[in-house]
Amino acid sequence: MTAPRPNFDGPRLILGSASPRRLELLAQIGIVPDQVRHADIDETPLKGEDARDYVRRIALAKAAAFDLAAGDVLLCADTTVAVGRRILGKPASRAEAGEFMRLMSGRRHRVLTALVVRQGDRTRERLVETAVRMRPIAAAELEAYLDIGDWQGKAGGYAIQGAAAAFIPWIQGSFSSVVGLPLSETAAILAASGIVMKGAPR
Ligand SMILES: Cc1cn([C@H]2C[C@H](O)[C@@H](COP(=O)(O)OP(=O)(O)OP(=O)(O)O)O2)c(=O)[nH]c1=O
């Protein structure tokens, strides 16, 4: 039985993500997945891999890791940070998070989110790029920030939706994409798969 859906119509939706942010962001636009599943995949970048190719490859790998029932729609995403040509994934330690933050301090970086929606044999993709500027961060405030622990599980080792917002005077692009799911593009790609918010044009 499908649970009542106050805000949207369409086939069963499976969110293939362990990220609590992605679930909350979907809820923000009134979409509650029928199921939340999680795939563990190797997120190591290939040698010399371009950040856009990387984030797409990882989102596609997440989407390929699930068996789907006929008609079901699967939504997966991957978010990564790129500073110049360097890809910053989720830091493995506080020390690595500090290294990432020092790299981003006083300069611009890009946050890339790849969206993949799978339905039967059909796969739809979007790539959303947002530019983020961090002001210079002093050594003592960086230590205080790392103490909060927000770096854990976050690409680049920071969360714009948390205290790191104090370091970010400017972004160009999609705020929700930086948090893990670009909502406008997500609504559009889901609509193309038949999951439509009530009242939205078809
Ligand atoms: C840059 C940034 C990233 N993030 C988060 C979004 C993603 O959850 C995470 C990047 O890791 P991802 O590998 O994209 O996602 P995940 O491991 O959390 O979940 P799953 O693979 O199961 O879908 O970083 C923030 O919450 N705030 C930010 O400002």
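Two residues are in contact if their C-beta atoms, placed from the backbone, lie within 7 Å. The model is predicted: local features need pLDDT of at least 70, side-chain atom pairs count only at pLDDT 80 or more, and totals for chains, interfaces and linings use all residues. Residues are numbered from 1 along each chain as its sequence is written.

**Exercise 1. Place D78 in the fold and list its contacts.**

Step 1. Start with the record. UniProt, in an unreviewed entry, lists D78 for "active site". Its positions are given in the numbering used here, feature names are shortened, and annotations may be inferred rather than shown by experiment.

Step 2. Find the element. D78 sits in strand β4, residues 73-83. Helices (H or I, at least four residues) and strands (E, at least two) are DSSP runs, numbered from the N terminus.

Step 3. Judge burial. A residue is buried if 20 or more other C-beta atoms lie within 10 Å of its own, exposed if 12 or fewer, and partly exposed in between; C-beta atoms are placed from the backbone. D78 has 26 such atoms within 10 Å, so D78 is buried.

Step 4. List the contacts. Not counting residues up to four places away in sequence, D78 touches V55, I58, A59, K62, T113 and A114.

**Exercise 2. Work out which residues of helix α1 are buried and which are exposed.**

Step 1. Helix α1 spans residues 20-28, and R22, L25 and L26 are buried there. They lie on the same side of α1 because they cover an arc of only 100° around the axis. The arc is that of the directions from the helix axis to the C-beta atoms.

Step 2. Turn to the other side of α1: P20, A27 and Q28 are exposed.

Step 3. Look for the cover. Over the buried residues of α1 lie, among others, β2 (13-16), β4, α5 (175-179) and α6 (183-192).

Step 4. Check what comes next. G30 follows α1, and its phi is positive, near 80°.

**Exercise 3. Describe the shell around the ligand.**

Step 1. The ligand is surrounded by 24 residues, and the closest are S17, A18, S19, I160 and G180. A residue is near a molecule if its C-beta atom, placed from the backbone, lies within 6 Å of it.

Step 2. Sort the shell by element. α1, β4 and α5 each supply at least two residues. β4 gives the largest share, four residues.

Step 3. Sort the shell by class: ten residues are nonpolar, eight polar and six charged. Ala, Val, Leu, Ile, Met, Phe, Trp, Tyr, Cys and Pro count as nonpolar, Asp, Glu, Lys and Arg as charged, and the others, Gly among them, as polar.

**Exercise 4. Describe the protein as a whole.**

Step 1. Count the elements: the protein has six helices and nine strands.

Step 2. Of its 202 residues, 35% count as buried.

Step 3. Among contacts with a separation of 6 or more, 69% join residues 24 or more positions apart.
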